[in-house]
Every structure is written in C-alpha cells, then in structure tokens.
Amino acid sequence: MGCCAKLKSSGWAYPTTVLCIYGFFAYCRVAEPFLTPYLIGPHKNISEEVVTNYLFPIWTYSYLAFLFPIFLLTDLLRHKPLIMVQGLFLVTNYVLLCFAPGLPAMVFLQINYAVVTATEVAYLSYIYSMISVENYQRATGYLRSAMLAGYTFGASLGQVLISLAEVDYFYINAVSLGFVSIAFLITFWLPMPQRSMFFKEKKVAALDLQSQQEGPVGAERPAEPVMDNEEAGSGKEQMEDNGSTGWCSRENVATAGHLLWQSFRESYSSRNLIYWSLWWALATAGYVQVFNYIQLIWNHIEPSGTSSIYNGGVEAACSLLGAAAAFSVGHIKVTWSVWGELALGLFSSVATGAVFLMAYTSSIWVCYAGYIIFKSCYMLLITITTFQIASNLSMECYALTFGINTFVALSLQTIMTAIVVDEAALGLDIVTQFIIYGSYYTVISVLFLIRGTYTACVNRHRPEQADALEQESSVEVMSAERF
C-alpha cells in the first residue's frame, strides 16, 4: 500500500508504471507469429490464396478507414477510453481466433484488429497528456521498452511452446487471450488525463501556441503542471459549471481546428522535414506490407504442415537486434542533419537487397536471415527519422506529424494492396508480390541516395553550415534517446 501511495504521489511514475504494465501484456501476443499457419491449418481451414488475396487486404482497408477518426477521438476523449477500447478489442480478437469458425468470422476479425492497430496512437500519446515535459524522455524510453519486452517475451514463449512442448496452435491463442485479458483489466487503473493536446480552452490553446513557437521537443521549455487528484476534481467541477465552455463545446472544437492548422503549418514548413516525412511514409508503407505477408512467404518456402517452423524465434531476434540498432543511434557521434539522408539511402539499399533475397531464395533459413536484416534496417532508420523530425518540433506538432505520416503511409499501402494483392485486381502470388516490394524499395533507395549525396556535398562545401549543424547534435542525441 505504501509503495502504491508513493507511486501515485510522484506525479509521473504512477501513470507511466501502469501504462508500461499494460503495454507489456497487450503486446505479449504469443500466437501472432503463428497466425498464418493457424488460419490455413485444420483449425480454420482457409486456403492460402484466400488468406493472401482476400482476408488480409480487409485489415488494410479497415485500418485506413479507422485511423484518422480515431486519431481525433483519442485527443477529444483524452486517451484513456481509446486505450480501454484497444484492450477490449484485443480480447475480442483472440476470442474470435479461439472460438469463432468460418470465413465470415475471420473477416470480422480483420476489421476488429484494424481497430486495435488504429488505437495504438492512444497508447503512444497518452503519457504526454499526463506528465510534465522534463519526464518525457524517461517515460518514452520505459514505454518503448515495455512494448519490446512484451513482444519479445511473447514471441519467444510461443516458439518454446511450439518447438519444445509441441503445444497445439489453439492453446497458443488461448495463452494470448489470457495475456490480453490481463491488459484490458489493467486499463481500469489508468488515471484519466485532465487535458488534451488540441481540444482545450481558448486561453490554454493560446499559451500552447506560444510555447510551440519558443522551441522544439528537445529544447528547454517550462514544465507543464500536472494535476493531483484534488486539482483534477476541482477542474472537473469547473468544467461542469462552465457548461457550454467545456472542452467539447463548439468554441473549443473551433480552437482545436485552429491549433491543428497551426501545427500542420509548423510541421511541414521546412523542406528538410518534408524529406524526412517522405521517407517515413514511403518506407513504412513498404515495411508494413512486408510484415503483413512475411508469414505467407515462409509458408510457401517451408509449409508449416510438413515441417518445423521458427517464426516466433525469428520475430524475437528481430525485436532484439532492431532495438539494439535503434538504441545505438543515440550513441553514435554523427551529424545526422548532414549524413542522415545518405544513411537513409544506404540502409534502404540493404533493406532492398534483403527483400529480393526473401523473394528469390528457396531456403527458409536464408529467408529468415533476410527478414531479420530488413526489419533491423527499418527500425534503425525509423529511429533516425523520428528524432530528426521531433528535435525540430513541439510535442503537439510531432503528434500531428506522426498521425499524418502514418495516414499517408497507410494510404500508399492501401493502393499497393488494392492493385497487387486484392483478388479483385491483379491478385498476384506471394513471390511476385515480394519482387514488387523489392522494386518499390529500390525506388526509395535511389531517391534518397541521390538526395543524401547532394546534401552531404552541399554541407561539405559550406563548412560554416556544417559547424552550425554540429552544434545542434546535442539536441538530436536527446531526441534519439527519447524516441
């Protein structure tokens, strides 16, 4: 009891701890690396062609439809209700996988899971509405670590149960159901935020606009007050007394629209930020497409019904190596403002080779190695991109940029899915799909190799500009460690 009271009185530690515990259990999805073998196996008995060309595209279309409304609802409803929705839909997800037979149930499953992925923005942004600015760095590190630990533990446990204990896929899904049910129960202990980033009173919005103009996320900014329980209660009463001036009034909705527009203008006012956002959107679209269909190409090379599979072990290795690569970014003495775009081009080229390797190999171990290389490169580069964007923006602008870039990436992925995967269009086989994804990454690599070489040459011939960028590296390292 004393420890719990101490956590609650600390201001930032209690919500961070509860959210980390939720993140661990929510991302401890033991069965996720074995979803495709489960669907095409005797439990669901769906053909590989139907899973590839009909079932999985439904998730992409549904995710696109849900993403932007949920992004706005997350801020409007102040995060916690959307995290509870995510927990509830995770439970529903595994109830359907365990107990719902037939293709129509699996179609509903894809729509259900689209809500789960769309509400991830609530998990990632909740803590910034609960704690003061000086604790952002530590809290973000803990949350990312909780996600990584949960996913790695879940994938490793699934692999151990499959390979050593020879547990049936149904029971793997039942174990996942238990973990996500614990996550859902934990959401009830999350404190309710008393403020949002965009839907706020006009005076508060004016102060936030001023703070946005004073400096980016990594800069020194005055700490925002965090309400304790008594202050939160008085604030709530004040809202009720104000009536029409509450946080969801017409005036505050108009203020939110103004804040969104100002944040949008600030976020995309720099040409360099546009280039970084362009890579984020292009590469993420390709990454998610490869991630969604990787189990199908593994099953094509080595059918799960006739041989041992190591999907969970590979996913665990990817998470650990990718996290190590991303963590190393904050400790490498490189002026990313000068060399970052060239790094995007070079490592995108490595990822391109890995995708082509997965497409053309007939060895499952070579395909596993290609996937590990591909995912590690993406996690490294998305870390560089994130802190390059975040170090130049306020938290409000970064949140909006995150939402817009994700929406653009998902739109591109939807176009790829509709043309390449969907049975209503080309409906290509899985190997041909990966050849196209490799070609897509080739275009990204060439674009950023050209752009990165140009940026490096320009800064080399302007030493005074390079020196100025070097002086900003301390802010970038802070952002690297944070994100």
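**Entry 1: Glu 315 and Lys 375**

I looked up Glu 315 and Lys 375 and found that both are buried. The model I am reading is a predicted one. The two residues form a salt bridge, and their closest N and O atoms are 3.0 Å apart. Glu 315 belongs to helix 14 (residues 311-329) and Lys 375 to helix 16 (residues 364-390), so this pair ties together parts that are 60 residues apart in sequence.

**Entry 2: Glu 341 and Arg 451**

I then turned to Glu 341 and Arg 451, whose side chains meet in a salt bridge at 2.9 Å, N to O. Glu 341 sits in helix 15 (residues 336-360) and Arg 451 in helix 18 (residues 430-460), so parts 110 residues apart in sequence are tied together by the pair. I checked burial here as well: Glu 341 is buried, and Arg 451 is too.

**Entry 3: Arg 29**

How many salt bridges does a search of the whole structure find? I noted three. One of them joins the side chains of Arg 29 and Glu 32, with 3.5 Å from N to O. Glu 32 has a relative accessible area of 15%, and because the cut-off for buried is under 20%, Glu 32 is buried. I also found Arg 29 over the face of Tyr 27, at 4.7 Å from the ring centre.

**Entry 4: Aromatic rings**

I counted the aromatic pairs next, and the total comes to 26. Among them is the pair of Tyr 440 and Tyr 441, which is edge-to-face, with 6.2 Å centre to centre and 80 degrees between the planes. Tyr 441 has 2% relative accessibility, so I list Tyr 441 as buried.

**Entry 5: The whole chain**

Last, I looked at the chain as a whole. I found 20 helices and zero strands. The chain has 483 residues, and buried residues make up 54% of them. For contacts between residues at least 6 apart in sequence, I noted that 86% join residues at least 24 apart. I put the accessible surface of the chain at about 20,800 Å². Carbon and sulfur atoms account for 66% of that surface.

Terms used
Residues numbered from 1 in each chain as written. Predicted model: local features only at pLDDT ≥ 70, side-chain atom pairs only at ≥ 80, totals over all residues. Heavy atoms only, no water. Phe/Tyr/Trp six-rings, centres within 6.5 Å; stacked < 30°, edge-to-face > 60°. Buried < 20%, exposed > 50% of the residue type's maximum accessible area, 1.4 Å probe, protein only. Lys NZ or Arg CZ within 6 Å of the ring centre and 35° of its normal. Helix = DSSP H or I, 4+ residues; strand = E, 2+ residues; numbered from the N terminus. Contact = heavy atoms within 4.5 Å. Areas by Shrake-Rupley, 256 points an atom, 1.4 Å probe, with all protein chains shown as cover. Salt bridge = Lys/Arg side-chain N within 4 Å of Asp/Glu carboxyl O.
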